[in-house]
Amino acid sequence: MADDPPIEVRGLVKRYGEILAVDDVDLTVRAGDVYGYLGPNGAGKTTSLRMMLGLIRPTAGHVRLFGRDPLLGVHALEGVAGFVEAPQFYPYLSGRRNLELLAAYDGHGAGGRIDQALATVELSGRAGDRVGGYSHGMRQRLGIAGALLRAPKLLLLDEPATGLDPAGMRDMRLLIRRLADEGMTVLLSSHLLPEVEELCNRVAIVRTGKIVYEGAIADLKRGAGATYRLSTTDDERAIAVCRAQRGLGEVSIAHGYICFSADAAAAAELSQALVEAGALITLLAPETVTLEDLFFSLTEGDVAARGDAAATAAVPS
Amino acid sequence: MNPGALTVYRWELRKLRYQKRTYLGLGAAVVVPILFVAAISFRHGGPHDVAFGDYIDRSGLAVPLVILLFGAIWMFPLITALVAGDIVASEDHNGTLKTILTRSLDRGQIFSGKALAAATYAIVAILLDGAVALVAGCLKSGFNPLQSLSGTIVSAPKGLELVIVSLLVYLIPILAIVCIGLLLSTITHNSAAAVVGTLMFSLLLQLIGILPGLGGLQPYLLSTQFNAWQGLLRTPTDWAPIIRAAWVCALYGLPALGGAYLVFLRRDVAGG
């Protein structure tokens, strides 16, 4: 029990008629992770989170939260809190009353944590107002407060910064950072790359319901290798040289540049080969790989090929 | 204390106190008898074509009974449906099902608390209506003996007792309507559809009862059970319609309640 990971998802599938919303998802969130569940809108992130919280039944596969199946009853949610999509409350009740209701439904002394939770999300001053008059950002913060009432060990947040203004987004990130520093395991779905890159140590990247990468961000970046851009006085000849050169990854043309992946030594050898072939270099520059690049290459390209490439590349050689 | 169905029940009642529809239904339950008594004060004489209609000038005890007769057509089913049809669907509308289903209460406990709250509301509305009708009726026509449906005269205290028991018997079909409201609320996810659907169901059964050739169904229609209390006002008491109301209403209500419960337990909470 103590060794069971906070979240273990295996072979998770959700089908709505013809549509495969979640397609054979495997992921593992370990204790202490701040785990980013990253994908474009409509990739099936929210559907996966709903299955993790036991709100919808998987078509196939299973979820385990600390080893427990959320479909077998709410005891699986002990120590687990979070929300999917925008957190929702009773608009005709005040923020505090809403939290009182949730605390009553939680039991286990949750009522004693209301003031602390309101203070943490900086809503103490507006707690007496009806939620119907709250802004989107305030509801988002109240959602976090509602989750904190459960004193969770695992927090699942679905797009927590969506719809917030820049200051709100910054505050939300600081808050998540602080909760993670206090030892909470966090799973965070997002389509905002900077958010995930700043907060998370591990990610799953999902595209049309399928995971195309799962692992540490550091491994993903390292494994992707350095990408170079090249421009020469004779690009046609240069491409032929590149393709013949050992140690270079797939060679392609993008935005008028020849692009390939290579390590520094292979790039140096290439420069010599180019000169010998009479294609003089006007530019040979390594590109910094951001999570954003990786994300788009994984989510917009040919998914099978890129996914496999990333998966193999992710293992540092 | 660990939370349970009673926690949900208490909070559902508290939530009802903050919602306008609650007061719409209870307001109607209070205002209708007052308006009725005001109307007969001006007209001098009640509706002559219904049981106890001729008696409302002579005894205030007849007033709640006449209102029970009229209210069965659509007023009480509507008041009942206002909350029963809304109590699950409003969670869909507000997107709050996911909020409460990810706490420490099982779906069964949440549903039970809601069902109890919807039933409580309907019971309070009927009893409130009866109490107001009694008081207003007695103020207008006095706390006088009542003539039973068999023609015998019943003393005022005994008459009061019979009115109170009649109200309780009236709750049997009302609780069946609560169950149907809960079922529609659970499966439609839409408050308006569930409220209107419950009312339409009730009206349709009344229509079936008056269709030529279908008169044989009359004793088994839910609408008929709203008249079961009249057995109490016969001498000797006719228990047959009351016993029939109990099992006929159970046949309508329990499958609806069970269906609603199972749907609520298993449904995907995908909206909101």
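A definition to begin with: two strands pair if DSSP finds at least two bridges between them. Helices (H or I, at least four residues) and strands (E, at least two) are DSSP runs, numbered from the N terminus.

Some conventions next. What you see is a predicted model, in which local features need pLDDT of at least 70 and side-chain atom pairs count only at pLDDT 80 or more, while totals for chains, interfaces and linings use all residues. Residues are numbered from 1 along each chain as its sequence is written, chains are lettered from A and ligands numbered from 1 in the order in which they are written, and side-chain values use heavy atoms, with hydrogens and water left out.

Chain A, then. Its open sheet has three strands in the order S2-S1-S4, with antiparallel pairing. Strand S2 (19-29) and strand S4 (60-65) of chain A are the edges, each pairing on one side only. On average, neighbouring strands here are turned by 20° against each other, direction ignored.

Strand S1 of chain A, residues 7-16, is joined to S4(A) by five bridges. Across that pair, Val13(A) stands opposite Ala60(A), and Arg10(A) stands opposite His62(A). Towards S2(A), S1(A) has seven bridges, again antiparallel; Leu12(A) has Val25(A) as its bridge partner there. S1(A) and S2(A) form a hairpin with two residues between them, and Gly17(A) in the turn has a positive phi of about 60°.

What lies across S1, S2 and S4 of chain A? Helix H1 (residues 45-52) of chain A does, running at about 120° to S1(A). Axes are lines fitted to C-alpha atoms, for helices over the stretch in contact, and angles run from 0 to 180 degrees between N-to-C directions.

Further along chain A, Ala147(A) lies in helix H4 (residues 136-148). Is Ala147(A) buried or exposed? Buried means under 20% relative accessible area, exposed over 50%, partly exposed in between (1.4 Å probe, protein chains only). At a relative accessible area of 0%, Ala147(A) is buried. Not counting residues up to four places away in sequence, Ala147(A) touches Ala81(A), Gly82(A), Pro152(A), Leu155(A) and Arg103(B), where contact means heavy atoms within 4.5 Å.

Now chain B. The axes of H2(B) and H4(B) come within 9 Å and cross at roughly 155°. That makes the two helices, H2(B) and H4(B), roughly antiparallel; the cut-offs are under 35 degrees for roughly parallel, over 145 for roughly antiparallel, 65 to 115 for roughly perpendicular, and oblique for the rest. On the H2(B) side the contact is made by Arg21(B), Leu24(B), Gly25(B), Ala28(B), Ala29(B) and Val32(B), and on the H4(B) side by Met75(B), Ile79(B) and Leu82(B).

Helix H3 (residues 62-71) of chain B is mostly covered, with nine of its 10 residues buried. Among the buried ones are Ala62(B), Pro64(B), Ile67(B) and Gly71(B). The cover includes helix H2 (20-43), helix H4 (75-84), helix H7 (107-141), strand S1 (146-147) and helix H8 (156-188) of chain B.

Last, Ser202(B), which lies in helix H9 (residues 191-210) of chain B. Ser202(B) is buried, with a relative accessible area of 4%. Leaving aside neighbours within four places in sequence, Ser202(B) is in contact with Ile73(B), Pro77(B) and Ile177(B).
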